[in-house]
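I opened my notebook to look up a few things in this structure.

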Amino acid sequence: MAARVPEPLRVLVEQIARLPGLGPKSAMRAAMTLLKWPEAETRRLGQNIRDLRDRLHLCARCGGLSATDPCAICADPARSTDTLCLVAEWDSMIALDEGGFYRGQYLILGGLLGPQEGPPDLERLNRRLAEGEVAELILALGATVEAENTAAYVREMVRRRFPAVRVSRLAQGIPLGAEVKYMDKETLRQSLRFRQEL
């Protein structure tokens with residue numbers, strides 16, 4: 001960044017540019033917008049960012065971000081305790097839950113098994129399954145290579161340690177409204193593999 005940019009602005013722009021989807025130009029526009037806000041508004045934003053770490057923590061039960069422990073989802077007595085949906089990250093849980101069509105419990109894995117990383121930490125999952133309430137573990141990890149590797153790893157662990165727990169996964173394949181001729185080979189392969197009987 002040019003030396004003409006004052007130090008406090010340069011530092012802020014560099015920090016904002018580290019956020020996903022923002023490059024240096026977008027970060028500069030965001031910083032300039034913040035300078036146009038009323039002072040009370042920018043101070044409130046700064047305080048909210050500071051409070052983020054103080055007020056949010058991980059739910060001991062599911063691993064999701066929450067201001068309470070357990071979180072609202074885990075504490076909801078109307079939710080089924082016999083199904084547990086395993087997701088990679090907290091935002092995946094939010095996306096699934098906002099649909100309102102799943103009323104079971106969740107568990108956030110906190111990442112996937114990558115080519116350089118070791119196996120994911122399954123301690124929280126082991127504790128939940130050891131309680132004996134879960135009859136079905138639903139793997140909602142995505143369709144990447146890392147997700148496939150993680151799913152295989154989790155499936156084998158569950159089969160070994162908790163053989164009574166059914167392991168399922170989200171259906172994969174052609175999205176609603178799409179045409180076969182426009183699908184990539186992996187989507188077509190998954191669609192054929194997970195085809196449904198009519």
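My entries below go from ground rules to helix pairs, rings, a loop serine and a proline.

**Ground rules.** I am looking at a predicted model, where local features need pLDDT of at least 70, side-chain atom pairs count only at pLDDT 80 or more, and totals for chains, interfaces and linings use all residues. I count residues from 1 along each chain as its sequence is written, and side-chain values use heavy atoms, with hydrogens and water left out.

**Helices 1 and 2.** I looked up how helix 1 (residues 7-16) packs on helix 2 (residues 24-36): the angle is about 125 degrees and the axes are 8 Å apart. That makes helix 1 oblique to helix 2. Angles under 35 degrees count as roughly parallel, over 145 as roughly antiparallel, 65 to 115 as roughly perpendicular and the rest as oblique. Axes here are lines fitted to C-alpha atoms, for helices over the stretch in contact, and angles run from 0 to 180 degrees between N-to-C directions. My helices (H or I, at least four residues) and strands (E, at least two) are DSSP runs, numbered from the N terminus.

Who makes the contact (heavy atoms within 4.5 Å)? On helix 1 I found Leu9, Leu12, Val13 and Ile16, and on helix 2 the list includes Pro24, Ala27 and Met28.

**Helices 6 and 7.** Next I checked helix 6 (residues 123-130) and helix 7 (residues 145-161), whose axes come within 12 Å and cross at roughly 35 degrees. Leu125, Asn126 and Leu129 of helix 6 meet Val154, Met157, Val158 and Arg161 of helix 7.

**Rings.** I searched the whole structure for aromatic pairs and got 1. Tyr102 and Tyr106 sit edge-to-face, 5.1 Å centre to centre, with 70 degrees between the planes. Rings of Phe, Tyr and Trp (its six-membered ring) pair if their centres lie within 6.5 Å; planes under 30 degrees apart count as stacked, over 60 as edge-to-face and the rest as tilted. Tyr102 counts as buried at 13% relative accessibility, and so does Tyr106 at 1%. Buried means under 20% relative accessible area, exposed over 50%, partly exposed in between (1.4 Å probe, protein chains only).

**Ser80.** I found Ser80 in the loop between helix 4 (72-75) and strand 3 (83-87). Ser80 is partly exposed, at 28%. Not counting residues up to four places away in sequence, Ser80 touches Arg103, Gly104 and Gln105.

**Pro70.** Which way is the peptide bond from Asp69 to Pro70, cis or trans? I noted cis, with omega near 5 degrees. Most peptide bonds are trans.

Terms used
Contact = heavy atoms within 4.5 Å.
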